[in-house]
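User: I should like to learn how to read strands, sheets, helices and backbone angles in a model. Could we work through a case together?

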Amino acid sequence: MDHRFKRWRSFAGALLLLTLFVVAVGSAQSVQYPQSTLHPRGDFALMVDKLFRTTLLWATIVFLLTEGALLFVIFKFRGKPDDPEPKQVHGNTMVEVIWTAIPALVLAMIAVPTVRTIFRTYEVPKGADVLQVEVIGHQWWWEFRYPQLGLTTANELHVPVGRTVAVKMVTQDVLHSWWIPQLAAKRDVFPNRSTTLWFKAEEPGDYPGQCAEFCGIQHGRMAFQVIAQSPEEFDVYVGRMQATAVRPAAPAAPAADSTAVAKPTAAGPALTTTTLAATTTAEADTMPGSQLFMMKGCIGCHSLNATVPMGIGPNLAGIGRRLYIAAGWLENTDANLAKWIQHPQTVKHGVLMPDLGVTDAEAQSLVAYLRQH
Ligand code: CUA
């Protein structure tokens with residue numbers, strides 16, 4: 001009796017755990033799990049999601065029927081103490097034909113939509129209205145180019161809602177894989193051949209993406225954001241990025257820089273603007289950020305002009321408004337940006353950016369300068 005009670009209790013415990021798990025998974029929102037593929041927000045992702053649901057439906061039907069039949073047989077033909085030896089059976093052609101035909105049919109029901117979907121994912125939409133984007137993978141950041149607009153950016157891809165984006169991908173070094181869970185499935189990126197992907201964001205929002213192929217020690221920090229915005233907002237973004245071409249590279253106005261230290265200008269609404277101590281003793285001797293950007297060698301790898309594709313380091317045009325720095329994972333606050341400039345090897349060990357011996361005051365000056373871009 002006691003033994004049976006124990007068994008019942010562990011069964012009830014397992015059932016409770018399973019129920020909690022199902023409730024937890026079921027109530028998971030895309031806001032809590034932005035990298036979940038279960039909350040599709042684009043046509044490509046919806047297509048893949050539909051295939052997943054079709055497969056799940058068939059798997060559920062098969063599971064319920066087979067487990068139901070199994071439980072029924074176990075219960076109905078359970079052994080009793082005085083039962084004789086059951087009749088032994090060897091081979092039954094009819095049963096074997098049935099249990100071969102039914103799985104073949106179920107597999108066909110899954111295979112046909114699967115193959116059809118796979119082919120559809122490779123049919124990159126064409127036409128003047130399609131926004132072309134080139135993705136170039138680097139250890140460990142993403143370069144994005146808009147050939148139709150003549151723009152280059154990094155780690156934050158702006159796209160207009162409701163317009164199909166055709167993506168062509170290649171890498172500068174090792175294998176990577178481009179993945180925006182809510183908008184499109186993942187696709188591997190190779191150094192010696194280009195792969196394609198396409199998607200159309202159906203709703204405005206910030207969609208996190210991630211490198212999904214192990215590519216070195218900072219693979220986990222090779223993230224990016226896709227910012228889907230209204231066509232009007234996207235046009236404003238494009239205009240602002242194109243304007244970076246005509247801005248003087250090094251305004252010879254140190255005064256403008258030192259006032260900007262106190263109030264960062266271009267910080268977007270989503271940014272936490274940590275006010276920096278503007279008047280430290282070292283500040284007086286510090287060069288303006290525009291000069292430091294050249295003297296410290298930043299300019300050797302980073303362009304502040306979105307119309308100049310460079311590709312050694314991420315293009316920094318629009319950096320002041322980006323949500324994240326260091327490839328989509330470190331919040332773009334003044335404090336984080338200063339730390340990143342000063343100690344890149346501590347923040348993200350192994351990146352190409354070297355520690356350049358930037359002092360605190362110089363870092364603040366550079367942050368103020370970058371905030372204007
Ligand atoms: Cu790039 Cu992992």
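Analyst: The discussion below takes up several features in turn. The model is predicted.

User: How do strands of a sheet pair, and which way do β1 and β5 run?

Analyst: Strands of a sheet pair through backbone hydrogen bonds, either parallel or antiparallel. Here β1 and β5 run parallel and are joined by seven bridges. Within that pairing, Glu134 has Lys168 of β5 as its bridge partner.

User: What joins β1 to β2?

Analyst: A hairpin of two residues leads from β1 into β2. The two strands run antiparallel, with five bridges between them, and Ile136 stands opposite Glu143 of β2. Trp140 is placed in the loop between β1 and β2, and the peptide bond from Gln139 to Trp140 is cis, with omega near 0 degrees.

User: Which way do β5 and β8 run?

Analyst: Strand β5, residues 165-171, runs antiparallel to β8, and five bridges join them. Val167 has Leu197 of β8 as its bridge partner.

User: How many residues of β8 are buried, and how many of β1?

Analyst: A residue counts as buried under 20% relative accessible area. In β8, residues 195-199, four of the five residues are buried, so the strand is largely enclosed by the rest of the structure. Strand β1, residues 131-138, is mostly covered as well, with six of its eight residues buried.

User: What is the order of the strands in the open sheet, and which of them stand at the edges?

Analyst: The open sheet has five strands in the order β4-β10-β9-β6-β7, and the pairing is mixed. Strands β4 (156-160) and β7 (184-189) stand at the edges; each has a single partner strand, so one side of each is left without a neighbour in the sheet. From one strand to the next, the twist averages 20 degrees. Inside this order, β9 (residues 205-211) and β10 (residues 223-229) run antiparallel and are joined by six bridges. Gln210 has Ala223 of β10 as its bridge partner.

User: How should I read a helix, and what span should α9 have?

Analyst: An α-helix has 3.6 residues a turn, so residues three or four places apart point the same way. Helix α9, residues 360-371, has twelve residues, which at 1.5 Å a residue should span 16 Å; its end C-alpha atoms are 16 Å apart, which agrees.

User: Is α9 mostly covered or mostly exposed?

Analyst: Helix α9 is mostly covered, as eleven of its twelve residues are buried. Among them are Leu366, Val367, Tyr369 and Leu370, as well as Glu362 and Arg371.

User: Which residues make the nonpolar surface patch?

Analyst: The patch is made by Trp8, Phe11, Leu15, Leu18, Phe21 and Val22, and has an area of about 690 Å². Leu18 belongs to helix α1, residues 2-26. A residue counts as exposed over 50% relative accessible area; Leu18, at 51%, therefore counts as exposed.

User: Where do Asn155 and Ala326 lie, and what is phi in each?

Analyst: Asn155 lies in the loop between β3 (151-154) and β4. Its phi is near 65 degrees, a positive value in a residue other than glycine. Ala326 is found in the loop between β11 (324-325) and β12 (330-331), and its phi, near 55 degrees, is likewise a positive value in a residue other than glycine.

User: Are Asn155 and Ala326 buried or exposed?

Analyst: Asn155 has 9% relative accessibility and so counts as buried. Ala326 also counts as buried, at 9% relative accessibility.

Definitions and conventions: Residues numbered from 1 in each chain as written. Predicted model: local features only at pLDDT ≥ 70, side-chain atom pairs only at ≥ 80, totals over all residues. Heavy atoms only, no water. Buried < 20%, exposed > 50% of the residue type's maximum accessible area, 1.4 Å probe, protein only. Pairing = 2+ DSSP bridges. Patch = residues over 30% accessible without salt bridge, like charges linked within 9 Å, V, L, I, M, F, W, Y side chains within 5 Å. Areas by Shrake-Rupley, 256 points an atom, 1.4 Å probe, with all protein chains shown as cover. Salt bridge = Lys/Arg side-chain N within 4 Å of Asp/Glu carboxyl O. Axes fitted to C-alpha atoms, helices over the stretch in contact; angles between N-to-C directions. Expected span 1.5 Å × (residues − 1).
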